[in-house]
2 protein chains.
Amino acid sequence: MTMTFATIHDLETPSVLIDLDLMEANIGVMQSRCDALGIAFRPHIKTHKIPDIARRQLEAGAKGIACQKVSEAEVFADAGFDDIQIPYNIVGARKTRRLAELAKSAKVTVTVDSQPVIDGIAAAAQAVDSTIHMMVELVSLGQRTGTTPAAALALAKQIQATDNLNFAGLMIYPSDAAIRPRLLETLALLEAAGIPVATVSGGGSGAISDMRLLPELTEMRVGTCIFWDWNSVSADYAGFDNCAMRVRASVVSANEPDRVILDSGSKSIQSETIDEQFGYIAEHPAARLYKVNEEHGYVDFSACGFTPSVGDIVHIIPVHTCVVTNLHNQLYGVRGDTIEVVWEVAARGLVW
Amino acid sequence: MTMTFATIHDLETPSVLIDLDLMEANIGVMQSRCDALGIAFRPHIKTHKIPDIARRQLEAGAKGIACQKVSEAEVFADAGFDDIQIPYNIVGARKTRRLAELAKSAKVTVTVDSQPVIDGIAAAAQAVDSTIHMMVELVSLGQRTGTTPAAALALAKQIQATDNLNFAGLMIYPSDAAIRPRLLETLALLEAAGIPVATVSGGGSGAISDMRLLPELTEMRVGTCIFWDWNSVSADYAGFDNCAMRVRASVVSANEPDRVILDSGSKSIQSETIDEQFGYIAEHPAARLYKVNEEHGYVDFSACGFTPSVGDIVHIIPVHTCVVTNLHNQLYGVRGDTIEVVWEVAARGLVW
């Protein structure tokens, strides 16, 4: 955290602003929703990648954090976090070795969906005699990683029988209510086998509204809810008024209303789309950000009834906030026009 | 440049490999094509962002470099490059001040397409008494930045009449042959006004094949031709056998042939697509990389007749090489399996 700018008007563009009032409100709302259901909230830090923000989430009542990879977990462990979940199949001798080392100084929980993943992690943990907590992932509607109830039982038994591993429970992503029959089937299999399930970890922005329909959940992992984004608004998880992240951009060319060019392209706001648009321009909802190159955002202002001028500033609500964070070295925490904090994105762009 | 790994088998995944034989061949081919036409080649460094690679391009005969923003130019000027073009409208007091400072130690050429851009840069150059070389950009088929022939004439006159600016010529991107009538019209207007045009700078991978149809070009700016990518293959600029960049990835889940999961997602290979695929798996052309999350690549192996195993390695030819470079801290220059050089991506992720 350094302090170099007084107001947003001093910033170069593109810069990523975080509205602190909105962020704080978002932290409070998510914690309250979990508290009301008796579910622990475990913020996924991939959205912000900043220890200071995670600390604010813990102060509001969150339980531990989730990171998406070993390198992110290392950054947060160095920053003092001691309960870190990595809901991912950690594969490869170098990565499992680092994971096992990390588990010497923090409680580390991972997920697995196959025997080879268990074997790799077990060998690494045994080599340095640390303990890895391990959840089995059930395949969900997203059809990503995860396995079946019967296979989950077999994996849980294997974890229980392996030195230096602790069976920690089940993980689901996304934890939509529709997955409940599969979850209940798995829990019944585990109960019949006498295997206790300490944690049922759900996750996903879209699954927040389903939490009350899954009383088996003991914790919920969500990242995006701290900032929200156009994806969230489009899916009706939040409104634009809840979106705390905005990318401040300058008009660099404005020779025609239908090709107004911003200095923010795929290197600043990424290239994911909603309705063939690459971001939502907060000041001009009728403007369409219809194309990006690396350093150019193309905006059609035809429907706005005016053409902006070179040097004009706009603020873009990104389609997907997590990938924007990953592209920037700093986020600027602002209240109104005042910059209150400059955060280094500590876990930015780590690929391992 | 550091040397930590002996072979690619020692690398963690995802890692970005550059096949040095292919890269060297690509450097030679592009230089030869320009030499044959008497056109100077000015490599655009946005593709690699690495001074050592730019130096190899200059050694092969290239004239100066192109960067896409002031921050990239600063990195390359610090590395000793003294002829730097930034084909971009530089807008904003902080950026123009840095540009003007940069012009004290290197020859700096920018492009403009409107009077306000000229005014901002002129004020900055006058404040520190440096000289900025300035080209006027003609709007091309891409309908991005750029202006009309008549406006270009007016801007050229304005540049000529302004202290600390030097009118350097015309810029076109992309410089497809179809733009020639507009270019000729502009050149005629400038000639009639007695304004000499030292440089006509073309650019764009797709415009390479049109160079011979635009004899007015004095130089060509291209980035991607050093590595090529699936975009290039899809557009028939190159073949997969010319693609020097590959992202080495691991299989982390393989419970079903149609949802084999790699550890490379939008944070490693970005989220641009061709034919709804996010990358081309070199070893398994029939596999479809049909979806990415930040840390997950979803591959359908159904058409391959087999399902890979957890821990298996694949190499992905990315859709768009430039945005991949921007996501990584290192590129690994390899010959066969041997890692010959580890490059830090010096100008990675600079947003200003």
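Author: In this predicted model, helix α6(A) meets helix α7(A) through A:P149, A:A152, A:L153 and A:A156 on the one side and A:R182, A:E185, A:T186, A:L189 and A:L190 on the other. By class, the residues of this contact comprise six nonpolar, one polar and two charged. Helix α6 of chain A covers residues 149-160 and helix α7 of chain A covers residues 180-192. Two packed helices are described by the angle between their axes and the distance between the axes. For α6(A) and α7(A), the axes come within 9 Å and cross at roughly 40°. The crossing of α6(A) past α7(A) is right-handed.

The corresponding helices of chain B may be described in turn. The axes of α6(B), residues 149-160, and α7(B) come within 9 Å, with a crossing angle of roughly 40°. Here α6(B) passes α7(B) in a right-handed crossing. From α6(B), the contact draws on B:P149, B:A152, B:L153 and B:A156, and from α7(B) it draws on B:R182, B:E185, B:T186, B:L189 and B:L190. Six nonpolar, one polar and two charged residues make up this contact of α6(B) with α7(B). In chain B, the loop between β7 (165-172) and α7 (180-192) contains B:P174. The peptide bond that joins B:Y173 to B:P174 is cis, with omega near -10°.

Chain A has local backbone features of its own to record. Most residues other than glycine have a negative phi, and most peptide bonds are trans. The bond from A:T13 to A:P14, however, is cis, its omega being near -5°. A:P14 belongs to the segment before β1 (15-19) of chain A. A:K49, although not a glycine, has a positive phi of about 60°. This residue, A:K49, is found in the loop between β2 (40-43) and α2 (51-59) of chain A.

The crossing of α4(A) past α5(A) is right-handed. On α4(A), the contact involves A:T96, A:R97, A:L99, A:A100 and A:E101; on α5(A), it involves A:G120, A:I121, A:A124, A:A125, A:A127 and A:V128. The residues of this contact of α4(A) with α5(A) comprise seven nonpolar, two polar and two charged.

Helices α4 and α5 of chain A also take part in the contact between the chains. That contact takes 49 residues from chain A and 49 residues from chain B. On the side of chain A that touches chain B, at least two residues each are supplied by α4 (93-102), α5 (115-128), β10 (245-253), α9 (266-269) and α10 (321-325) of chain A. This side of chain A has 14 nonpolar, 22 polar and 13 charged residues.

The relation between the chains can be stated as a rotation and a shift. Chain A is superposed on chain B by a rotation of 180° with 0.0 Å of shift along its axis, at an RMSD of 0.0 Å. The two copies are therefore related as by a two-fold rotation axis. Within chain A, the C-alpha nearest the axis belongs to A:S271, at 3.2 Å from it. Both copies use the same surface, since 100% of the contact residues of chain A recur in chain B.

There remains the division of chain A into domains. Domain 1 of chain A spans 21-226 and domain 2 spans 231-319. Taken over C-alpha atoms, the centres of domain 1 of chain A and domain 2 of chain A are 35 Å apart. Seven residues of domain 1 of chain A contact five residues of domain 2 of chain A. The side of domain 1 of chain A that touches domain 2 of chain A consists of three nonpolar, four polar and no charged residues.

Note on methods. Residues numbered from 1 in each chain as written. Chains lettered and ligands numbered in written order. Predicted model: local features only at pLDDT ≥ 70, side-chain atom pairs only at ≥ 80, totals over all residues. Domains from an automatic or database assignment. Contact = placed C-beta atoms within 7 Å. Nonpolar A, V, L, I, M, F, W, Y, C, P; charged D, E, K, R; others polar. Helix = DSSP H or I, 4+ residues; strand = E, 2+ residues; numbered from the N terminus. Left-handed = near helix turned anticlockwise from the far one by under 90°. Least-squares fit on C-alpha atoms with pLDDT ≥ 70 in both. Axes fitted to C-alpha atoms, helices over the stretch in contact; angles between N-to-C directions.
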